[in-house]
Amino acid sequence: MDPKGQRVKLNDGHFIPVLGFGTFAPPEVPESEALEVTKFAIEAGFRHIDSAHLYRNEEQVGQAIRSKIANGTVKREDIFYTSKLWSTSLRPELVRPALEKSLNNLQLDYVDLYIIHFPVALKPGEAFFPRDENGKPIFDSVDLCHTWEALEKCKDAGLTKSIGVSNFNHKQLEKILNKPGLKYKPVCNQVECHPYLNQSKLLDFCKSHDIVLVAYGALGSQRIKEWVNPNLPFLLEDPVLSAIAKKHKQTPALVALRYQIQRGVVVLAKSYNKKRIKENIQVFDFELTPEDMKAIDGLNSNIRYNEVLLCVGHPEYPFFEEY
């Protein structure tokens, strides 16, 4: 159990802690740091750890989890670990080898959740972002329903307890939900979600299908130049969030995290700063009023920090849909 026992039941019967630790770091952060901060996060009380093949740190994150199991801090079943299938492995025959590679890097027997990282297929190979001689991305064409069937097989094989998706719009989710012979529904859809992009329509859609919305970028976003438009406002400097934080004697970051938990969203807190990691676990120590929630709802302005513009030319690019 995570310290406050705050977990949500997934549609396949497993439980996911509502607060997760996101391990993604900008390229300038050495991979070795993932080992230290993940160990620290587990010591601080995080039991839900989120990583991905794309983050290039699963070896270190796995080492951190194993060291905390070895010294008796946690048992394997106390930890909920998420990994993600990257876009270069969406062809059905590449799915299981990709998951096995992650498991090998992690040195774990299974992951708790395996999700399709992004619905846009890229050319298989070693490069994460394959490009042609003109620097244009090299796309692949894959039916996501076939990718999903391969994930179902991974679940049946015991390599992952649950399966889900990330960055899918409602039409892409519908395609899987309406697939003939569907064996397992996605348990979650992990998407960018914060007060400036509160995803209320997608959240309603997911709730109506018993799919959990998992929020990444919940504190705005790290300014990684390849990904994020530098001209966008800083979420945590928002005056409304600051005023609510002051009223509750909390930080704007904690208010942004608490907002998600109170609307039934599982939220990832991403930080490589030990003081803030410790602080983020305090999200269970206070509650926002209905007025606070309404005021934060009012900040929604459809500001998306992570547009992944590189993939815009692909027919499965998800963000042109309203939700």
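1. First, some ground rules. The model is predicted, so local features need pLDDT of at least 70 and side-chain atom pairs count only at pLDDT 80 or more, while totals for chains, interfaces and linings use all residues. Residues are numbered from 1 along each chain as its sequence is written, and side-chain values use heavy atoms, with hydrogens and water left out.

2. Start with the barrel. Eight strands close up in the order β3-β4-β5-β6-β7-β8-β9-β10, with parallel pairing. From one strand to the next, the twist averages 30°. Two strands pair if DSSP finds at least two bridges between them.

3. Strand β8 (residues 188-192) and strand β9 (residues 212-216) run parallel and are joined by five bridges. You can find Gln 190 opposite Val 214 of β9, and Glu 192 has Tyr 216 of β9 as its bridge partner.

4. Is β9 enclosed or open? Five of its five residues are buried, so β9 is largely enclosed by the rest of the structure. Buried means under 20% relative accessible area, exposed means over 50%, and partly exposed is in between (1.4 Å probe, protein chains only). Both faces of β9 are covered, with Val 212, Val 214 and Tyr 216 on one side and Leu 213 and Ala 215 on the other.

5. β6 is worth a look too. This strand is mostly covered, with six of its six residues buried. Four bridges join β6 to β5, and the two run parallel. Thr 82 has Leu 113 in β6 as its bridge partner.

6. UniProt, in an unreviewed entry, lists His 117 under "binding site". UniProt positions are in the numbering used here, feature names are shortened, and annotations may be inferred rather than shown by experiment. His 117 sits in the loop between β6 (111-116) and α4 (144-156), and is buried at a relative accessible area of 8%. Leaving aside neighbours within four places in sequence, His 117 has contacts (heavy atoms within 4.5 Å) that include Lys 84, Trp 86 and Asn 167.

7. Which buried residue lacks a salt bridge? Take Glu 58, in helix α2 (residues 58-70). Glu 58 is buried and has no salt bridge; the nearest side chain of opposite charge, Lys 84, is 7.8 Å away. For charge, Lys and Arg count as positive and Asp and Glu as negative, with His and the chain ends not counted. Setting aside neighbours within four places in sequence, Glu 58 touches residues including Ser 51, His 53, Tyr 81 and Asn 105.

8. On to the charged pairs. Side chains of opposite charge can pair when their charged atoms come close. A salt bridge here is a side-chain nitrogen of Lys or Arg within 4 Å of a carboxyl oxygen of Asp or Glu, and the count by this rule comes to 15.

9. One of them joins Asp 140 to Arg 91, with the closest N and O atoms 2.7 Å apart. Asp 140 is in the loop between β6 and α4 and Arg 91 in the loop between β5 (80-85) and α3 (92-106), so the pair ties together parts 49 residues apart in sequence. Asp 140 is buried at 12% relative accessibility, whereas Arg 91 is partly exposed at 32%.

10. Another pair is Lys 175 and Asp 143, whose closest N and O atoms are 3.8 Å apart. Lys 175 belongs to helix α5 (residues 170-177) and Asp 143 to the loop between β6 and α4, so this pair links distant parts of the chain, 32 residues apart. Lys 175 is partly exposed at a relative accessible area of 37%.

11. Last, Lys 183 forms a salt bridge with Asp 156, the closest N and O atoms being 2.7 Å apart. Lys 183 lies in the loop between α5 and β8 and Asp 156 in helix α4, so parts 27 residues apart in sequence are tied together. Lys 183 is exposed at 52%, while Asp 156 is partly exposed at 42%.

Note on methods. Axes are lines fitted to C-alpha atoms, for helices over the stretch in contact, and angles run from 0 to 180 degrees between N-to-C directions.
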